[in-house]
2 protein chains.
Amino acid sequence: MFVSTYESAIDAKGRVSIPAPFRAELGGSSRIFLWQALDGSGCLEGGGEALMAMYRATLTRLAPQSDVRKVLVNRIIAGSADLKMDETGRIKLPEDLCKAAELEGRIKFAGNMDSFQIWNPDKHAAYNASMEAAAASPDVMAAFGRAYSEVLHQQGAGHYNGPKLVEGGES
Amino acid sequence: MFVSTYESAIDAKGRVSIPAPFRAELGGSSRIFLWQALDGSGCLEGGGEALMAMYRATLTRLAPQSDVRKVLVNRIIAGSADLKMDETGRIKLPEDLCKAAELEGRIKFAGNMDSFQIWNPDKHAAYNASMEAAAASPDVMAAFGRAYSEVLHQQGAGHYNGPKLVEGGES
DNA sequence: TAGCTGCCCATGATATTCCAAATTTACACA
DNA sequence: TGTGTAAATTTGGAATATCATGGGCAGCTA
């Protein structure tokens, strides 16, 4: 799983070091896919061969001529850069993606579970601030608590086994 | 389960010993995740691989582009530090997290069931005081009582099956 | 030929590992 | 109940390995 956030720099040749923990997550493969995030946040999203295999399987399940499939194939498959890390774990970021995500100088790699994101540091800081504000919402923690207790229930972990939280059980 | 509270110190290199009882709770794994608590209390929250696996399963259940999921992924996945204990059970606390939680010199580890917390001692004392005040509220014990009896019922225990409790019979 | 690309090595900074001493805790015995 | 011994844990510091980064060189392309 891609976890945590790391800062890195684009050197004079346009090269970027992939953080070592993320490299380890790629399972020895040196192939990296990069595309523009679909959520409009302006960052890039990336992953390795394992992620792309998952996406392929997912897209194959969608009806061939459906809009959903066409959109996702266009954005993720056609829109991806297919890059190869060098011996020291660096890739060369394509110009068009850099431009789209306003990447220049220093950048941030943020873990996103099965994929990772590449951010302009200023944009990332702004995004973090908006997320921090949203985290204060009771709804967010309530939704998390519900989902978490469902997972516990499913796994029979011997913790809380009930279908719902009792009033007063959440803060 | 992470239980009880322990005090520890940050050494000159920013290293901290994880209390031995908490290490035992990590099940032999030396990987530790740390992030800023979502409740705004200002402490750090942490756990091992088991907890992170639970969180991953939880987040995967939430709708991919929902605000709830984005907030939690940002705070817990991207926002956590991915640390490794050394042979003697120490981790190096990242500077940014120390700063965010105002950690310096001595710190407190507090058990939180599936996770643990790391506190600035002064803040922890203030938090304890506020909890003590809130514990006086009849609503708190009432809510606990309701939840507890539901659990008893769910687990097939029906109700209390042990020796009959006499009013005032416990010391 | 000029520019781009991939490949390689060098280096400083950082993080990790290892070793050893000091302190605390647990336990057995008187 | 107090004391001594052993074990475990917490510390401090140094050696080692890893990583991010800069630059050189050759080959390919335009």
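**Chatting through the model**

Analyst: Let's start with one contact: a polar side-chain atom of Arg15(B) lies 2.9 Å from a base oxygen of DNA strand D. That is a polar contact, meaning a pair of N or O atoms within 3.5 Å; within protein, one must be able to donate a hydrogen and the other to accept it, and residues adjacent in sequence count only if both atoms are side-chain atoms.

User: What should I know about the model and the numbering?

Analyst: This is a predicted model, where local features need pLDDT of at least 70, side-chain atom pairs count only at pLDDT 80 or more, and totals for chains, interfaces and linings use all residues. Residues are numbered from 1 along each chain as its sequence is written, chains are lettered from A and ligands numbered from 1 in the order in which they are written, and side-chain values use heavy atoms, with hydrogens and water left out.

User: OK, how many residues surround DNA strand D?

Analyst: 23 residues do, and the closest are Lys13(A), Arg15(A), Arg90(A), Lys13(B) and Arg90(B). "Near" here means that a heavy atom of the residue lies within 4 Å of the strand.

User: Which part of DNA strand D does Arg90(A) reach with a polar side-chain atom?

Analyst: A base oxygen, at 2.8 Å. Ala20(A) has a polar backbone atom 3.1 Å from a phosphate oxygen of DNA strand D.

User: And what classes of residue make up the surface near DNA strand C?

Analyst: There are no nonpolar, 1 polar and 10 charged residues. Ala, Val, Leu, Ile, Met, Phe, Trp, Tyr, Cys and Pro count as nonpolar, Asp, Glu, Lys and Arg as charged, and the others, Gly among them, as polar. In the side chain of Lys84(B), an N or O atom is 3.4 Å from a phosphate oxygen of DNA strand C. For Lys13(A), a side-chain N or O atom is 3.4 Å from a base oxygen of DNA strand C.

User: Switching topic: what does Leu72(B) touch?

Analyst: Not counting residues up to four places away in sequence, Leu72(B) touches Val140(A), Phe144(A), Leu38(B), Leu59(B), Leu62(B) and Ile77(B). Contact means heavy atoms within 4.5 Å.

User: Why do the copies meet through different surfaces?

Analyst: Because only 14% of the interface residues of chain A are also interface residues in chain B.
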